[in-house]
Amino acid sequence: MIRLGKRHRFIVVMTGFIIIFLKVLTLTKNPVLNISQNIRDEITARQVLSLPPLSPDWRRKAMMFKIDNSNQRFLTIGIPTVRRQHSNYFLETLDSLLNCTYKENIPNIFIVIFLADFNATWKYEMANIIEQRYSKIVLDGTLQIIEAPTEFYPSLDNLHHTYNDSIAKRKWRSKQNVDYAFLWLYSKELSKYYMQMEDDIFTVPGYLNVIKEFIEAQKTDWTCLEFSELGFIGKVYHSKYLEKLAKTVLLFYEEQPVDYTFLYFNILNLQGSRIIRRPTLFQHVGFHSSLPGKIQPLKDKFFDDIKKTLHGDNPPAKVLTTLKISPDFLPDLAYSKIDGYFWAQSAPVVDDTVHVLFDEPQNLEKVVILSGSQQHPTDKIENARLDACLSVKISGDNRIECFNNIFLGYSENGTLLADNLEKKLDTFMVTCLKVTFTKSQQWWLIIKEIAVFVNKAHKI
């Protein structure tokens, strides 16, 4: 993770303090929250950063189906939702999250659904639909459905005119900020980590395991990890930061949309750059925004629901290439038996290579290499040949020289296919497979799967 230098960090922090100080001065004259005049006269920065008044048992009152929260879990997934004029994606979002959570991981998560619309009839109808559809996990507390008291919300009239937004959009985004803050305050003690989700996404199987692994891989302190490039989707926080984040968003609820405020918050917490896991895990599917009349056909360019379909034998091997690589899309991911792919960060040129170097020589039956993807169909193998190498020489910088090569075939429509190899190779043992690009390409390269099938009748 790139860190800000001390001087830049000081400037950022002091800028934040100045902004907050100016906000405090403004609020002493025109408070955001409903604070009585006698308190307003003695207001301090700490009082400004306090929360709207809530009763001692407000969390239980917020539950639309009362349950006793059990022990702290690993991750809380928070999803606010409101009525939409057109398509409603919420139930499909919930289905995707639950269907893609492995059964053994369900006890490790809470999902908190915040029905944030002011229309009481809609809220209770939706709550009953959710309860009937997911009765088991509602009953055991895994899925919690909440609502907020109206007194939690500040005035949504006469809002500051920022970003040249219409009155309707200012009201929509300001209310959305308060929605998030309430959801965070409710969720802050449920789990060790919290992930913000929107109500119009889908995900991939095993997403929770990937999140765990990415958290464990962090070597430095962090405030926010991102599993989607877009908006406020797939943002993971330590739950201990949620109250501070809620206060920050409430402080600027009418000036800033939340997808700006969370970035400022991260910087003020000394995370100098975004930490985004690629490939990302969540894709935005909504077309109609919850703001009436707003069209939002956004797609995460780093999300690719690429699943391995060939399931080769893939004996132990290393994948090496002359192409520029990214730590998020390593060559070995294309060969691994788990989902993942290699995405080169440069376009192949003549004589660029990809090698599959076996730990032990293999007698092969079939080799299939698939490239490109649905999201990036042009990032495919255009012109390449495949050879089987019977012997190799490896230099210290992982450069491979192949000898005694046997030609297996050319690429066609982004695929390299070589089958019936028992006839072509006979009993020869293959040390390495070599892909050589015969023409330069315009686009980067995705290799989504390398499937190697061994000839078990001749296996030593």
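**Strand pairing and helix packing in the predicted model**

The structure is a predicted model, in which local features need pLDDT of at least 70 and side-chain atom pairs count only at pLDDT 80 or more, while totals for chains, interfaces and linings use all residues. Residues are numbered from 1 along each chain as its sequence is written, and side-chain values use heavy atoms, leaving out hydrogens and water.

Helices (H or I, at least four residues) and strands (E, at least two) are DSSP runs, numbered from the N terminus, and two strands pair if DSSP finds at least two bridges between them. E1 and strand E2 (residues 109–115) pair in the parallel sense over 7 bridges. E1 also runs parallel to strand E4 (residues 191–196), to which 5 bridges join it; here Tyr 193 of E4 is the bridge partner of Leu 75. Of the 9 residues of strand E1 (residues 73–81), 9 are buried (under 20% relative accessible area, with exposed meaning over 50% and partly exposed in between; 1.4 Å probe, protein chains only), so E1 is largely enclosed by the rest of the structure.

Another sheet is open and antiparallel, with 5 strands in the order E9-E11-E16-E13-E14. Strand E9 (317–321) and strand E14 (400–410) stand at its edges; each has a single partner strand, so one side of each is left without a neighbour in the sheet. From one strand to the next, the twist averages 25 degrees. Within this sheet, strand E11 (residues 353–362) and strand E16 (residues 430–437) run antiparallel and are joined by 6 bridges, with His 355 opposite Lys 434 in E16.

The loop between strand E10 (342–343) and E11 holds Ala 347, which is partly exposed, with a relative accessible area of 22%. Ala 347 touches Leu 323, Asp 352, Gln 441, Gln 442, Trp 443 and Trp 444, not counting residues up to four places away in sequence; contact means heavy atoms within 4.5 Å. Ala 347 and Lys 380 are 33 residues apart in sequence and 9.9 Å apart in space, C-alpha to C-alpha.

Turning to the helices, axes are lines fitted to C-alpha atoms, for helices over the stretch in contact, and angles run from 0 to 180 degrees between N-to-C directions. Helix H5 (residues 90–99) and helix H6 (residues 120–133) pack at about 30 degrees, with their axes 12 Å apart. H5 and H6 are therefore roughly parallel to each other (angles under 35 degrees count as roughly parallel, over 145 as roughly antiparallel, 65 to 115 as roughly perpendicular and the rest as oblique). Phe 90, Leu 91 and Asp 95 in H5 meet Met 126, Ile 129, Ile 130 and Arg 133 in H6. These contact residues divide into 5 nonpolar, no polar and 2 charged, where Ala, Val, Leu, Ile, Met, Phe, Trp, Tyr, Cys and Pro count as nonpolar, Asp, Glu, Lys and Arg as charged, and the others, Gly among them, as polar.

Helix H10 (residues 242–251) and helix H11 (residues 258–268) pack at an angle of about 125 degrees, with their axes 10 Å apart, which makes H10 oblique to H11. The contact involves Lys 244, Leu 245, Thr 248 and Val 249 of H10 and Val 258, Thr 261 and Phe 265 of H11. H10 is largely enclosed by the rest of the structure, because 7 of its 10 residues are buried, among them Leu 245, Thr 248 and Val 249.
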